[in-house]
Amino acid sequence: MALIEYYAKALTKGKFALLSFAVQPISFIFIVYIVSGGRFLDRALAGAVVSFIVGVGIADLSIELVGMKARSKFYDIIMSLPGRNWRKALGISTGMSIPAIPYVLLLTLLLSWRLGLKAVPGIVFGIASLWLWSAGVGFLMGVKAREPLTVMRLSSLTVTALTVFPPVYYPSKILPERLAEVMNLLPTVSASQLMTGGSREAFGVSLFWAVFGALLLWRFRGLEE
């Protein structure tokens, strides 16, 4: 809880930082809406949710972990706190997610309003599974990386590759069938599909990636690994 409170206070101090944090996902909603003539609005809203979660989990979290290694005193304090290390991992990842919560909540309400209450379970599971996966991958990158510049470039490339080009903001049906089948195996695509009434296959893929991310968090023993 102390870790969650620390990051919540540190990351929500500047209103400008919170606004700049939302520029890219919100701008993609606008672009997709204009290009598709409003046909892909639901998918664009889900895509923005995906971008917020993956951006925090993979990019922000991994960069923060590498930074903690440089701030050795801060790292020593974190590791000396009582509790198992997997709980500390959850605390850090939850605290880092605080700035995204208002945007995710707003987009979730819009999706629920447009799709109906029947879509809520899929939205909630899609968000939860993607958060577990992205937090697990963020920790893996943060633990293994040594240089801040390297992890900044790698995380930025990873987030872009997983959210911009695959059918996250748009439906996979507009892609060639074989390419769509491959893309549907990505955690970002399956989560976006679940949020907009996805199939059982999307549920299975998201469940797999959620378990994978949970295992990465559970195995966390410290940044010295």
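**Exercise 1.** Which residues in helix 7 meet which residues in helix 8?

*Solution.* The structure is a predicted model. On the side of helix 7, the residues are V104, T108, L111 and S112. Their partners in helix 8 are V120, I123 and I127. By class, this contact of helix 7 with helix 8 comprises 5 nonpolar and 2 polar residues, with no charged ones.

**Exercise 2.** Determine the relative orientation of helix 7 and helix 8.

*Solution.* Helix 7 spans residues 101-115 and helix 8 spans residues 120-144. Their axes come within 10 Å and cross at roughly 155 degrees. Angles over 145 degrees count as roughly antiparallel, so helix 7 is roughly antiparallel to helix 8. The handedness of this crossing is right-handed.

**Exercise 3.** Characterise the packing of helix 8 against helix 11.

*Solution.* Begin with the geometry: the axes of helix 8 and helix 11 are 7 Å apart, at an angle of about 160 degrees. Helix 8 is therefore roughly antiparallel to helix 11. The crossing of these two helices is left-handed. Next, list the contact: helix 8 contributes G122, I123, F125, G126, I127, L130 and W133, while helix 11 contributes P187, T188, A191, L194 and M195. Finally, sort these residues by class: 9 are nonpolar, 3 are polar and none is charged.

**Exercise 4.** How many aromatic pairs does a search of the whole structure find, and why is the pair of F28 and Y169 assigned its class?

*Solution.* The search finds 6 aromatic pairs. For F28 and Y169, the ring centres are 5.2 Å apart and the planes stand at 80 degrees. Planes over 60 degrees apart count as edge-to-face, so this pair is edge-to-face. F28 belongs to helix 3 (residues 23-36), whereas Y169 lies in the loop between helix 9 (148-163) and helix 10 (177-183), so the pair ties together parts that are 141 residues apart in sequence.

**Exercise 5.** Which elements have the lowest and the highest mean pLDDT?

*Solution.* The chain averages a pLDDT of 80, and 78% of the residues score at least 70. Among the elements, helix 1 (residues 2-11) has the lowest mean, 49, and helix 11 (residues 187-195) the highest, 94.

Technical notes. Residues are numbered from 1 along each chain as its sequence is written. This is a predicted model: local features need pLDDT of at least 70, side-chain atom pairs count only at pLDDT 80 or more; totals for chains, interfaces and linings use all residues. Side-chain values use heavy atoms; hydrogens and water are left out. Axes are lines fitted to C-alpha atoms, for helices over the stretch in contact, and angles run from 0 to 180 degrees between N-to-C directions. Helices (H or I, at least four residues) and strands (E, at least two) are DSSP runs, numbered from the N terminus. Angles under 35 degrees count as roughly parallel, over 145 as roughly antiparallel, 65 to 115 as roughly perpendicular and the rest as oblique. A crossing is left-handed if the near helix is turned anticlockwise from the far one by less than a right angle, and right-handed if clockwise. Contact means heavy atoms within 4.5 Å. Ala, Val, Leu, Ile, Met, Phe, Trp, Tyr, Cys and Pro count as nonpolar, Asp, Glu, Lys and Arg as charged, and the others, Gly among them, as polar. pLDDT is the predictor's confidence in each residue, from 0 to 100. Rings of Phe, Tyr and Trp (its six-membered ring) pair if their centres lie within 6.5 Å; planes under 30 degrees apart count as stacked, over 60 as edge-to-face and the rest as tilted.
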